[in-house]
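The sequence and the model are shown first, and the description follows.

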Amino acid sequence: MAGTLLDIAMMHSDTLITRAREGDKNAQGKLVQLWYKRIYNYGYKFFFDHDLAMEVAQKTFISMHKNLPALQDVARFKSWLYTIAVNYCREELRKRKTVRSVSLHDLRPGEGEESYRWEESAHRHENPEKQLRQSELSDLLQQCLMELSEEQREVVIMKEYEGLKFREIAEALHISENTVKSRMYYGLDGLKRILELKNITKETIGYEL
Amino acid sequence: MSYRPDESTLISYLYEELEAKENGKVEQFLQANPEEQKKLQQMADVLGIIRHVQDKEVIAPPIFMDDAPRTRSVWMSGYFKTVVGIAATLLLLLVATRLIGPEIRYSQGELRISFAEKKISPPAAQPPSGLSPEQVQEMINSSLVKNNEAIAAGWSETQKQLSLSIRQNLDLNSRKIDGLMKDASLASQDQVRAFVASMQSDNLKSIREYMQLSSAEQNKYMEGLLVDFSKYLNEQRNQDLQLFQARIGSIERNTDEFKQETEQILSSLISSSGNETKKQSSYE
């Protein structure tokens, strides 16, 4: 329910954006509260890394705060924000390619020590075992996503997890809508092959859950 | 039927974003091409699967906004600072050169930069004329010859001294040996006999004393040994006797116990037989 309210708030945040653009600090703070989770999750799904996702989210909102007065069309705020996030993601990816490092977050605990994975869930009151299985499946699918190319991953994440329209994705990535759809097509085709290799099907997922 | 939708159209169909007319055409195409239909269905399945990726919960950090962007004065801009820095450096250089008075000269392929007044350097001292290699060789040779002569002179002197001292030592030793030989030849037969007799008597005396001492010690040792042995025998006998007594005592105790047990058994047998006879008589 909270998620739905948040979505509604995000969809109707034009007034908030206008106020924030005019320098209303309270409105800027509310915008960060509204969009932080989405941008963090975009970064997390792109890198599958908490630290990098935090880094990207923070940089994105610092940039938003600096450049919001320059935003011409309020209706394009969403794609504008994702453009900033995408640019920072690409920057971090370039850095990572040059400097190889291992985040401590990657050093995941053993199977017996994974209680935090369901504790961190919002639906903690649900069956912990089921939550754990869902979390493991989520990580497994996330690993499949990481095998896609950078361009395909961007499109798939924006469309499937961030709920952007193809037009908005095209605006965010500064490419044509047809290119976005084409990348989506090949991304899904690639994912199909990756899932087949890992023997992940509708049936196996249904059995697991 | 040459219509074949491209990837973007298929994706739009998958997301149901096509117009009705276009949608109908794609459906017809898919009906005619089951393989494409299957592929699209698999893609739809993939979408169904990847939607299981969960969002991560994250708390937005508190926002600390600074004041409205302040208008930066031109004095604070980086460019201004750089330009002023360069200008100040140049000014400093100009002042310094004015005060010091530098002089730059280029002559005979040589660049000279000097400060302050030109110093008139005193004429350099004429370097001593160099020696030719022949002269150097000659000097080396003469010094070598002198050195060889000095070594040869020292060597002959040392040799002379050594031979003299050896000769003196030999003379002294031969004189000593001659004296000893003379003394030995002067000694008479009687003196030799007397010396031997005195030696014999001394030896005899010492051997006798030694024998006496050793016999006394042996006696003492034997006495001690006999006493110890007798003590040992006595002790052994006492221990054996104690052992016998203890054994006999235990045998006596065993016998007594055996007797008591036998008596108890007999008494119990007697009492039980008495009871049985009583019971039989009562039955009768």
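Two residues are in contact if their C-beta atoms, placed from the backbone, lie within 7 Å. The model described here is predicted. By that definition of contact, among the contacts in chain B between residues at least 6 apart in sequence, 27% join residues at least 24 apart.

**Chain B**

Chain B contains 6 helices and 2 strands. Along its sequence these elements follow the pattern α-α-α-α-β-β-α-α. Of the 284 residues in chain B, 3% are buried.

**Where the chains meet**

Between the two chains, 37 residues of chain A are in contact with 25 residues of chain B. On the side of chain A that touches chain B, the elements giving two or more residues are helices H3 (25–47), H7 (128–146), H8, H10 (177–197) and H11 (202–208) of chain A. H3(A) supplies the largest share of that side, namely 11 residues. By class, the residues on this side of chain A comprise 15 nonpolar, 13 polar and 9 charged.

**The nonpolar core and its surroundings**

The largest nonpolar core has 52 residues, and within this core A:Leu81 and A:Ala85 touch the most other members. H3(A) gives the most to this core, with 9 residues. Apart from neighbours within four places in sequence, A:Leu81 is in contact with A:Trp35, A:Ile39, A:Thr60 and A:Met64.

A:Tyr82 belongs to helix H5 (residues 77–98) of chain A. A:Tyr82 counts as buried because 26 C-beta neighbours lie inside 10 Å, where the cut-off for a buried residue is 20 or more. Leaving aside neighbours within four places in sequence, A:Tyr82 is in contact with A:Met158, A:Leu164 and A:Ala172. A:Tyr82 and A:Glu168 are 86 residues apart in sequence, and their C-alpha atoms are 9.2 Å apart in space.

**The packing of H8 and H9**

Two packed helices are described by the angle between their axes and the distance between the axes. In chain A, helix H8 (residues 150–161) and helix H9 (residues 166–173) pack at an angle of about 140°, and their axes are 10 Å apart. That angle makes H8(A) oblique to H9(A). The crossing of these two helices, H8(A) and H9(A), is right-handed. On the H8(A) side, A:Glu154, A:Val155, A:Met158 and A:Lys159 take part, and they meet A:Ile169, A:Ala172 and A:Leu173 in H9(A). Sorted by class, the contact of H8(A) with H9(A) has 5 nonpolar, no polar and 2 charged residues.

Most residues other than glycine have a negative phi.

Methods:
Residues numbered from 1 in each chain as written. Chains lettered and ligands numbered in written order. Predicted model: local features only at pLDDT ≥ 70, side-chain atom pairs only at ≥ 80, totals over all residues. Axes fitted to C-alpha atoms, helices over the stretch in contact; angles between N-to-C directions. Helix = DSSP H or I, 4+ residues; strand = E, 2+ residues; numbered from the N terminus. Parallel < 35°, antiparallel > 145°, perpendicular 65-115°, else oblique. Left-handed = near helix turned anticlockwise from the far one by under 90°. Nonpolar A, V, L, I, M, F, W, Y, C, P; charged D, E, K, R; others polar. Buried ≥ 20, exposed ≤ 12 C-beta atoms within 10 Å, placed from the backbone. Core = buried A, V, L, I, M, F, W, Y, C linked by C-beta atoms within 7 Å.
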